[in-house]
Amino acid sequence: AAAAAAAATSATLGSGLAAGSAGAQEFLFPKSLALEAALIMTAPLTPRLEKQLRDDYYAVTQEKCLIPLPRKPSVSDILKSFGQSPAAISVASKPAARKAAIEGIRSLFCAALGYQLLLPFERSQYVDVAGNTDLTGLADLYGAEHLLRLIVTLQFLLADVPELDFKQQAALVAELVKYLDQNFSSLFLDEYENASPGYVRQSVFVGLDPV
């Protein structure tokens, strides 16, 4: 069930992208490494995170709700705390290697957000809030909800980084999934905010979200 939910969300995240995204997808998914990464990078979701993924999708696509930005804790905050956790240390005991791996996930989040991690209804918000933000600062604006979306597409995104030790990175991501679940109440929102009528009209007008 978790795999089905992840696959459905990944498919939706991959659709409705802005013009020019085909080149970005080719950049993110080189065919020569995609299979290798997909076979190794597996991080099964817990039932609670699976439900979060479904509820997240429904709230944005059906109820026309948005995640208020900036989020606290942010992706940067979450990854920093996770990197200092015993679980992360057990996977990557050397501080330099662990820091590099965590920063790699953060950088990947920033690079993938605009192309792969947004639902169509969120794109106008992205333009409004993140349009004037440097790419590296996006992890300071978004939170656990979008980080979870990254995780379900991570096996493909990491194919663009051939120098990574996929096995170690897979173990780290698996621990990150556990970390998100164990700290669920403090990391994820209880409720999203209703989008204003003006925002809904704008999203339809610019063709970002079909009615």
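Is Phe188 buried or exposed? I looked this up before anything else. Phe188 has 5% relative accessibility, so the residue counts as buried. The cut-off for buried is under 20% relative accessible area. I keep in mind that this is a predicted model.

**Entry: overall layout**

I went through the secondary structure of the protein chain. I find twelve helices and two strands. Along the sequence, I read the order as α-α-α-α-β-α-α-α-α-α-α-α-β-α. Next I checked burial across the chain. Of its 211 residues, 49% are buried. I also looked up how far apart in sequence the contacting residues lie. Taking contacts between residues at least 6 apart, I see that 87% join residues at least 24 apart. For the accessible surface I noted about 10400 Å². Carbon and sulfur atoms account for 58% of that surface.

**Entry: confidence**

I wanted to know which parts to read with care. The mean pLDDT of the chain is 77. I note that 71% of the residues reach 70 or more. Helix α11, residues 184-187, has the highest confidence, at 98. Helix α2, residues 21-28, has the lowest, at a mean of 34. I then checked residues 1-12, where pLDDT stays under 50. The model gives this stretch 13 contacts beyond four places in sequence. Residues 207-211 also have pLDDT below 50. That stretch has twelve contacts in the model beyond near neighbours in sequence.

**Entry: aromatic pairs**

How many aromatic pairs does a search of the whole structure find? I count three. I looked at two of them in detail.

I took Phe121 and Tyr199 to begin with. Their ring centres are 5.1 Å apart and their planes stand at 80°, so I log the pair as edge-to-face. Phe121 lies in the loop between α7 (95-117) and α8 (123-130), while Tyr199 lies in helix α12 (residues 197-205), so the pair ties together parts that are 78 residues apart in sequence. Phe121 has 1% relative accessibility and counts as buried. Tyr199 counts as buried too, at 8%.

Then I turned to Phe184 and Phe188. This pair is stacked, with 4.6 Å from centre to centre and 20° between the planes. Phe184 has 17% relative accessibility, so I mark the residue as buried. I have already noted Phe188 as buried, at 5%.

I went back to Phe121 for one further check. Lys64 lies over the face of the Phe121 ring, at 5.1 Å from the ring centre.

**Entry: Asp56**

Which residue's side chain does Asp56 join through a polar contact of 2.8 Å? I find that the partner is Arg149. Asp56 sits in helix α4 (residues 47-61). Its relative accessible area is 2%, so I list Asp56 as buried. I left aside neighbours within four places in sequence and listed the contacts of Asp56. They are Ile67, Glu145, Arg149 and Tyr192.

**Entry: His146**

I placed His146 in helix α9 (residues 144-157). What does His146 touch, not counting residues up to four places away in sequence? I wrote down Ile67, Phe109, Leu113, Leu117, Leu118 and Glu122.

Note on methods:
Residues are numbered from 1 along each chain as its sequence is written. Side-chain values use heavy atoms; hydrogens and water are left out. Helices (H or I, at least four residues) and strands (E, at least two) are DSSP runs, numbered from the N terminus. Buried means under 20% relative accessible area, exposed over 50%, partly exposed in between (1.4 Å probe, protein chains only). Contact means heavy atoms within 4.5 Å. Accessible areas come from the Shrake-Rupley method with a 1.4 Å probe; for residues, only the protein chains shown count as cover. Rings of Phe, Tyr and Trp (its six-membered ring) pair if their centres lie within 6.5 Å; planes under 30 degrees apart count as stacked, over 60 as edge-to-face and the rest as tilted. A charge sits over a ring if NZ of Lys or CZ of Arg is within 6 Å of the ring centre and within 35 degrees of the ring normal. A polar contact is a pair of N or O atoms within 3.5 Å; within protein, one must be able to donate a hydrogen and the other to accept it, and residues adjacent in sequence count only if both atoms are side-chain atoms. pLDDT is the predictor's confidence in each residue, from 0 to 100.
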